[in-house]
Amino acid sequence: MPVLGEAVQRCHGCDLYRNATQAVFGELEKKNKSTKPKVAIMMIGEQPGDQEDKRGRPFVGPAGKLLDKCLKDVDIDRRTVYITNTVKHFKWEPRGKFRIHKKPSMKEIHACRPWLKAELETVRPKLIVCLGAVAARSLLGSGFKITQSHGQIQQAEGFPPIIATLHPSAILRAQTDEDRHRQMETLVDDLRQVAAHLSR
């Protein structure tokens with residue numbers, strides 16, 4: 001895994017590397033680092049955000065903090081979860097002093113696919129959790145709808161079982177407190193399904 005993490009820094013498979021600080025590869029939390037991690041869950045998000053791009057680690061910004069809280073609520077230890085993104089470089093556009101997330105294109109998603117496959121082959125998770133539509137559609141096809149099928153076990157050829165759910169950043173962007181609360185409940189309920197599936 002450390003070899004892959006170093007190799008991805010030299011990736012020029014698409015143009016996203018030009019405006020990113022660094023590639024952000026997946027990881028287990030520091031305590032459980034190993035060359036071939038044995039974990040039950042692999043969580044896949046869309047792409048690194050501003051904080052992840054600066055620090056070189058996945059899910060360490062506001063969305064990561066929200067995810068940590070939800071995992072704690074359902075008694076899933078994040079240190080047993082390998083967490084990564086579909087796209088390894090931060091795609092953004094300037095807005096004043098801020099760098100605002102911009103959705104990756106299918107070309108960029110496909111360019112990063114070999115890295116995701118290498119992670120899957122190394123980690124060999126029992127279950128994949130897709131956080132958000134981009135991650136879910138990258139594995140389950142463009143017709144997959146999270147609003148209809150979140151929290152349900154999905155099968156895709158060549159992959160372990162997959163459960164898709166909301167991305168924590170979508171919850172943070174909710175327009176009202178009521179929407180945020182409802183979406184948070186959805187994420188937590190879906191993570192309960194993850195925990196229940198692994199306990200069978």
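In which sense do strand E5 and strand E7 pair, and over how many bridges?

Modeller: Keep in mind that this is a predicted model. Strand E5 covers residues 127-131 and strand E7 covers residues 162-165. The two pair in the parallel sense, over 4 bridges.

Now the whole sheet. It is open and holds 5 strands, in the order E2-E1-E5-E7-E6. The pairing is mixed. In general, strands of a sheet pair through backbone hydrogen bonds, either parallel or antiparallel. The edges belong to strand E2 (81-85) and strand E6 (153-154). Each has a single partner strand, so one side of each is left without a neighbour in the sheet.

Helices pack on this sheet. H5 touches strand E1 (41-45), E5, E6 and E7. The direction of H5 makes about 130 degrees with that of E5. H8 lies across E1, E5, E6 and E7. Against E7, H8 runs at about 165 degrees.

Both helices also take part in the largest pocket. Helix H5 (133-140) and helix H8 (177-199) each supply at least two residues of its lining. So do helix H2 (50-55), helix H3 (62-73), helix H6 (146-149), helix H7 (168-172) and strand E4 (98-101). E4 gives the most, with 4 residues. The space in this pocket comes to about 1,000 Å³. Its lining counts 37 residues, and the closest to the centre are His101, His167, Ser169, Ala170 and Arg173. By class, the lining divides into 14 nonpolar, 14 polar and 9 charged residues.

Rolling a probe the size of a water molecule over the atoms shows where empty space is left. A search of the whole structure finds 1 cavity of 30 Å³ or more. The volume of the largest cavity is about 40 Å³. Lining the largest cavity are Cys11, His12, Gly13, Cys14, Tyr17, His89, Ala111 and Cys112. These divide into 5 nonpolar, 3 polar and no charged residues.

Last, the setting. The chain has 8 helices and 7 strands. Its C-alpha trace spans about 40 × 40 × 35 Å along the principal axes. The radius of gyration is 16 Å, which agrees with the value near 16 Å for a compact globule of 200 residues.

Note on methods: Residues numbered from 1 in each chain as written. Predicted model: local features only at pLDDT ≥ 70, side-chain atom pairs only at ≥ 80, totals over all residues. Heavy atoms only, no water. 1 Å grid on protein atoms, 1.4 Å probe; cavity = no way out; pocket = protein on both sides within 12 Å on 5 of 7 lines; lining within 4 Å. Points joined across faces, edges and corners; volume = space filled by probe spheres on them. Nonpolar A, V, L, I, M, F, W, Y, C, P; charged D, E, K, R; others polar. Pairing = 2+ DSSP bridges. Contact = heavy atoms within 4.5 Å. Axes fitted to C-alpha atoms, helices over the stretch in contact; angles between N-to-C directions. Rg over C-alpha atoms; globule rule 2.2 N^0.38 Å.
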